[in-house]
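Happy to look at this one together. Could you walk me through its domains and one of its helix pairs?

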Amino acid sequence: MPEYVNWLRHASPYINAHRDCTFVVMLPGDGVEHPNFGNIVHDLVLLHSLGVRLVLVHGSRPQIETRLAARGLTPHYHHGMRITDAATLECVIDAVGQLRIAIEARLSMDMAASPMQGSRLRVASGNLVTARPIGVLEGVDYHHTGEVRRVDRKGINRLLDERSIVLLSPLGYSPTGEIFNLACEDVATRAAIDLGADKLLLFGADPGLIDENGRLVRELRPQQVPAHLQRLGSNYQAELLDAAAEACRGGVARSHIVSYAEDGALLTELFTRDGGGTLVAQEQFEVVREAAIEDVGGLLDLISPLEEQGILVRRSREVLEREIEQFSVVEREGMIIACAALYQIADSDAGELACLAVNPEYRHGARGDVLLERIESRARAQGLNTLFVLTTRTAHWFRERGFVPSSVERLPSARASLYNYQRNSKIFEKTL
Ligand SMILES: CC(C)(COP(=O)(O)OP(=O)(O)OC[C@H]1O[C@@H](n2cnc3c(N)ncnc32)[C@H](O)[C@@H]1OP(=O)(O)O)[C@@H](O)C(=O)NCCC(=O)NCCS
């Protein structure tokens, strides 16, 4: 089987999960200059075509530096922030204007080449960020360097509803008509928080956060960030991490740091379980885990109504207590909202997936897929090659997930002898 078939199957739960979600993506000026920029734009258009609501925030630092140098101006910084005097502001406007147009052009080109060719796709930008001056700090006047005062949530949401990609530049306007130079990290973080984005994606030069041993940190909580910031000192990696943590504290569930230099880093992060960059996420309030004896009550609440409808085989409390180790569950804020069980079939290299159920109030969240994946990986870990399922009413759900029709004859004898002919379940199997 070609590798891409496998890949697409594994990606499909993520494709469904990301649809209609709002992602704020920040690409610093160095990323726009990088040879991989074209691939990044291509991947962003792909995300857009999969139904993701996209806000792209670009930076412009190296482009500003180039313009300052060309005019013989010396850049001035204080506390790592550029001081934007009148001459510098001209360079900023020039750099940002050109970049914005270049990005719009590139996105237009990619849209024309995408499968959505011909549809009315738009990139929208404008006066969507209101800024205020930083002012004077420790006696130093920052002039036209500003900070985000407000992001036009309504306006941006309307554009996203119309399926536009929203492009935000590191410039903001004040109600007095002044122009302010902003940090793109500030714009991205504030946009993600104010829009209630599902994700903030930050592009950096490295694959993600690298720890003191040179290893990539895959995931961390916002409260673990300060220790890393102390270690990193003041470098760009620290700025990205700080932005990720701030977004999380502001209610954005997941912030990711990925590399702009690595082709496909964004897609790997979004469409594979382990990702490829660093994820800063709030404490997960929903977890998938193996069941424990305390879960029996919750499991009964979940499966009893389905047993009454004849969808699941009846299991008494005693049976559940005895078989609790076979179950995986999804727990949400202390409640068992989904479950599935794996039974190894004696004297065979096969297993049976049973008792898959999602609380009706929590359906349509791909939890069934998550549990199926969990059961499959548990089965593989146990060295099983085949997974059977017996179902009366859910045949198509399993068929759509790679199960093929099977028969009692193909069941290992230990399970075939227990087959309930009265229940007359359909049998399906899947090779692991
Ligand atoms: C099957 C189940 C676990 C999936 O839960 P989920 O991940 O929340 O997924 P959804 O309910 O959103 O269903 C996902 C898709 O499968 C479809 N589906 C749901 N139940 C189905 C069924 N019995 N047969 C065929 N398709 C089904 C849905 O229509 C949906 O498709 P759509 O998005 O194209 O409309 C859940 O529907 C459930 O608990 N069903 C009752 C218990 C059951 O039948 N268990 C299997 C016993 S062997």
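Here are a few questions and answers about the chain.

This is a predicted model, where local features need pLDDT of at least 70, side-chain atom pairs count only at pLDDT 80 or more, and totals for chains, interfaces and linings use all residues. Residues are numbered from 1 along each chain as its sequence is written.

User: How far apart are the centres of domain 1 and domain 2?
Analyst: Let's start with the bounds, which come from an automatic or database domain assignment. Domain 1 covers 3-281 and domain 2 covers 286-431. Taken over C-alpha atoms, the separation of their centres is 42 Å.

User: How many residues does each domain bring to the contact?
Analyst: Two residues are in contact if their C-beta atoms, placed from the backbone, lie within 7 Å. By that rule, domain 1 gives four residues and domain 2 gives four residues.

User: Are α8 and α9 roughly parallel or roughly antiparallel?
Analyst: Helices here are DSSP runs of H or I with at least four residues, numbered from the N terminus. Helix α8 (residues 225-232) packs on helix α9 (residues 236-249) at about 165°, the axes being 9 Å apart; axes are lines fitted to C-alpha atoms over the stretch in contact, and angles run from 0 to 180 degrees between N-to-C directions. Angles over 145 degrees count as roughly antiparallel and those under 35 as roughly parallel. The pair α8 and α9 is therefore roughly antiparallel.

User: Which residues of α9 do V225, H228, L229 and L232 in α8 meet?
Analyst: Nice one to check on screen. The partners in α9 are Q237, A238, L241, D242 and A245.

Notes. Helices (H or I, at least four residues) and strands (E, at least two) are DSSP runs, numbered from the N terminus. Angles under 35 degrees count as roughly parallel, over 145 as roughly antiparallel, 65 to 115 as roughly perpendicular and the rest as oblique.
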